[in-house]
Amino acid sequence: MCSPQRRSAEPGICLIRGDEKFFYPVHSCCRGAAALVAAILASQLYYIGPANPFRSLLQPDVRSAIFLSLYTATAAAGLGLALAIPAAYFLARAHLPGKSILDAILDVPIIMSPLALGTSLLLFFRTPPGQWIEANLMNFVFEVPGIILAQFFLALALSVRVLKASFEAVDVRCEQVARFLGCTPWQAFIRVTLPIARKGVLAAFILSWARCLGDFGAAVTLAGAIKGKTETIPVSIYLNMASVNIDKAVALMLLTTLLAVLVLFAIRVLAAEGGAGRA
Amino acid sequence: MIKIENLSARFGSFWLRDISLNIKRGDFFLLLGPTGAGKSLLLETILGIKKPDAGRILLDGQDITTLPPEQRDIAYVPQDLGLFPNMSPLENILFGARIQKIDSETIRRRLDYLTEHLNLGPVISRPSIFTLSGGEKQRIAFARAIITKPRVLFLDEPFSALDSYIKREVQFQLKRLQKTIDLTIFHVTHDQEEAFLMADYMAVMIDGEIKQHDRPEQCYRAPANETVASFLLMQNIFDADVLSVDHESSCVTCTANGIRFEITNHNRLKVGSSVKLGIRPEEILFLTPGKPFKPELRHNTFRMRVEALYNLGSRRLVRLVFADSGRTLDATVHYRIGRRFELTEGGETYIHLRPQSFCLLSGHTSSQAVSDEHVAGDYKP
């Protein structure tokens with residue numbers, strides 16, 4: 001109940017006399033910021049005209065770019081998650097000297113420029129261990145595995161960040177109780193911690209998958225922008241813009257925008273349900 | 001059953017010092033102490049969650065000091081219960097039984113028993129633990145811990161978040177169940193009422209040390225020292241000197257701040273020795289105004305001024321001042337008695353302190369203390 005206060009148009013906000021002078025400017029700023037983003041997104045439609053914007057997506061080169069992006073993003077996000085789960089759990093639970101250094105190092109791919117990350121990877125494959133890997137295991141430079149590797153680093157850093165918060169939200173007492181009920185540390189992790197943090201795991205995968213899908217700088221530096229070979233969606237947008245194929249570029253941009261909206265919606269649904277909780 | 005030998009552990013600047021305890025099978029053992037005394041740290045050290053620096057923990061003769069939790073065959077209910085939020089109440093209860101691969105017939109039998117004795121019927125079929133009340137969650141946590149039939153159940157202030165009327169009911173249920181299935185329980189709390197209600201044996205822990213380990217009634221009547229006495233709300237403590245000893249009547253006359261007390265001598269006190277005397281507020285007897293005193297009340301009867309009256313619900317706390325010395329004394333009386341004796345702030349009254357109501361505190365263990373009988377409440381001269 002808000003009486004004697006007045007309820008504003010927004011649910012959950014109680015305005016007391018005089019609050020309007022603060023609330024309405026803040027509210028206007030929020031709407032203005034959202035309008036700016038929406039205007040930029042809407043400007044894509046201006047270039048499409050009355051034609052079906054998604055007709056270009058059916059063309060073979062564009063479809064190939066979409067499938068390559070989906071494949072590399074899924075592989076990179078999956079591999080990143082596989083390594084991020086134990087790493088994030090360690091960061092969330094361990095109290096050891098040097099933990100903050102590990103934490104900071106794992107954050108670097110998020111902070112550094114994607115171009116710098118790609119260049120670092122390229123330079124690595126010029127070192128003796130990198131050359132040995134290229135010669136004996138797998139080719140990464142200017143190849144599809146290079147895209148996955150560059151995206152993997154982005155996915156790993158992002159997943160560690162999201163998962164660490166999720167594991168920290170899992171009550172450590174639940175794990176302790178599970179141990180006294182007969183679980184080994186592995187069983188407690190697999191049967192208690194991971195299921196409680198499952199929404200955080202899903203959120204980490206979705207976020208890192210979306211980040212990989214939209215990556216341009218890191219992948220293009222290591223794997224190049226080779227049409228029909230290492231042409232992901234962002235590379236395709238770049239190449240089509242360079243060759244003044246605006247329709248194709250904008251269709252791909254609309255597709256990525258749509259995917260971004262879906263991802264953000266999914267993340268908000270997961271967050272509303274709670275990534276991890278306590279009893 | 002559980003034997004803790006000279007356990008010491010350091011956590012930052014806090015020390016658990018040389019803790020030794022012995023708990024028998026089937027006992028409801030209670031570790032009582034104020035907040036910050038180190039109770040939960042001791043519990044976690046015994047459980048193996050924290051590492052001791054010295055000492056060892058024996059369970060049925062087996063040294064479990066370094067054994068991993070899953071091999072100890074004990075159960076633990078933490079303060080926040082640690083219920084698994086992604087599981088239903090039934091899945092929570094059955095979790096340990098399934099991990100330990102207990103056969104389904106045994107699980108069903110135990111579940112039926114616990115459902116009946118912990119009144120789980122209305123809650124066991126709920127889809128989520130988030131729809132449960134505090135008391136229901138509590139009972140689910142107990143059932144989950146007990147269904148695996150652990151050798152000892154460790155409880156860390158499990159009732160602290162419950163409303164008092166729900167708390168009392170769950171406490172009764174747990175106590176009944178513990179007696180019925182002969183379960184050994186190690187329970188940590190700062191709640192004195194809970195401690196005296198549930199414990200078969202208790203230890204009082206203050207500043208990382210066990211100050212007294214005894215039956216609850218003994219801890220209540222005869223605290224081992226001044227620290228324990230103060231914690232157990234024995235507010236009236238006097239530093240006194242022994243003036244004379246009457247070997248015939250086993251009575252000792254002491255003086256404190258010019259006030260002469262006669263106390264029962266169970267400790268063979270000598271003339272000239274210094275003692276610390278304690279008397280509980282509820283042991284102070286008010287005398288009916290205007291009536292002559294009985295001869296046996298010629299000693300330890302004092303004229304007092306009522307300095308303040310405090311309402312404690314069903315009781316009144318009366319802060320009294322000795323008319324001659326100015327020394328204060330706290331007494332508690334039932335509110336009806338307070339009315340009958342017409343106690344008013346600034347007024348006068350007479351009290352009597354029975355010689356056997358005193359206990360000796362300083363330098364004496366609980367078994368040496370003098371109080372031999374607890375009689376509280378009304379007293380007519």
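## Hairpin, sheet and helix crossing in a predicted model

In chain B, strand 1 and strand 2 form a hairpin with two residues between the strands, and G12(B) there takes a positive phi near 65 degrees. Helices (H or I, at least four residues) and strands (E, at least two) are DSSP runs, numbered from the N terminus. This is a predicted model: local features need pLDDT of at least 70, side-chain atom pairs count only at pLDDT 80 or more, and totals for chains, interfaces and linings use all residues. Residues are numbered from 1 along each chain as its sequence is written, while chains are lettered from A and ligands numbered from 1 in the order in which they are written.

**Strand pairs of chain B**

Two strands pair if DSSP finds at least two bridges between them. Strand 1 (residues 2–11) of chain B takes part in two of the pairings below.

| Strands of chain B | Sense | Bridges | One bridge pair |
|---|---|---|---|
| Strand 1 and strand 2 (residues 14–23) | antiparallel | seven bridges | L7(B) and I19(B) |
| Strand 1 and strand 4 (residues 54–59) | antiparallel | five bridges | K3(B) and L58(B) |

**Two asparagines with positive phi**

N257(B) sits in the loop between strand 12 and strand 13 of chain B. Its phi is positive, about 50 degrees, although N257(B) is not a glycine. Burial is counted from C-beta atoms placed from the backbone: a residue is buried if 20 or more others lie within 10 Å of its own, exposed if 12 or fewer, and partly exposed in between. N257(B) counts as exposed, with 12 C-beta neighbours inside 10 Å.

N119(B) lies in the loop between helix 3 and helix 4 (134–146) of chain B. Its phi is near 55 degrees, again a positive value in a residue other than glycine. N119(B) is partly exposed, with 15 other C-beta atoms within 10 Å.

N119(B) follows helix 3 of chain B. That helix (residues 104–117) has 14 residues. From first C-alpha to last, helix 3 of chain B reaches 20 Å, close to the 20 Å expected at 1.5 Å a residue. The expected span is 1.5 Å times one less than the number of residues.

**Chain A**

Chain A has twelve helices and two strands. Along the sequence, its pattern is β-β-α-α-α-α-α-α-α-α-α-α-α-α. The C-alpha atoms fill a box of roughly 65 × 60 × 30 Å, taken along the principal axes. Of its 279 residues, 36% count as buried. Two residues are in contact if their C-beta atoms, placed from the backbone, lie within 7 Å. Among contacts in chain A between residues at least 6 apart in sequence, 76% join residues at least 24 apart.

How do helix 3 and helix 6 of chain A cross, left-handed or right-handed? The crossing is left-handed. The axes of helix 3 (residues 99–111) and helix 6 (residues 144–169) of chain A come within 8 Å and cross at roughly 120 degrees. The contact includes L106(A) and I110(A) of helix 3 of chain A, and F153(A), A157(A) and V160(A) of helix 6 of chain A.

Note on methods: Axes are lines fitted to C-alpha atoms, for helices over the stretch in contact, and angles run from 0 to 180 degrees between N-to-C directions. A crossing is left-handed if the near helix is turned anticlockwise from the far one by less than a right angle, and right-handed if clockwise.
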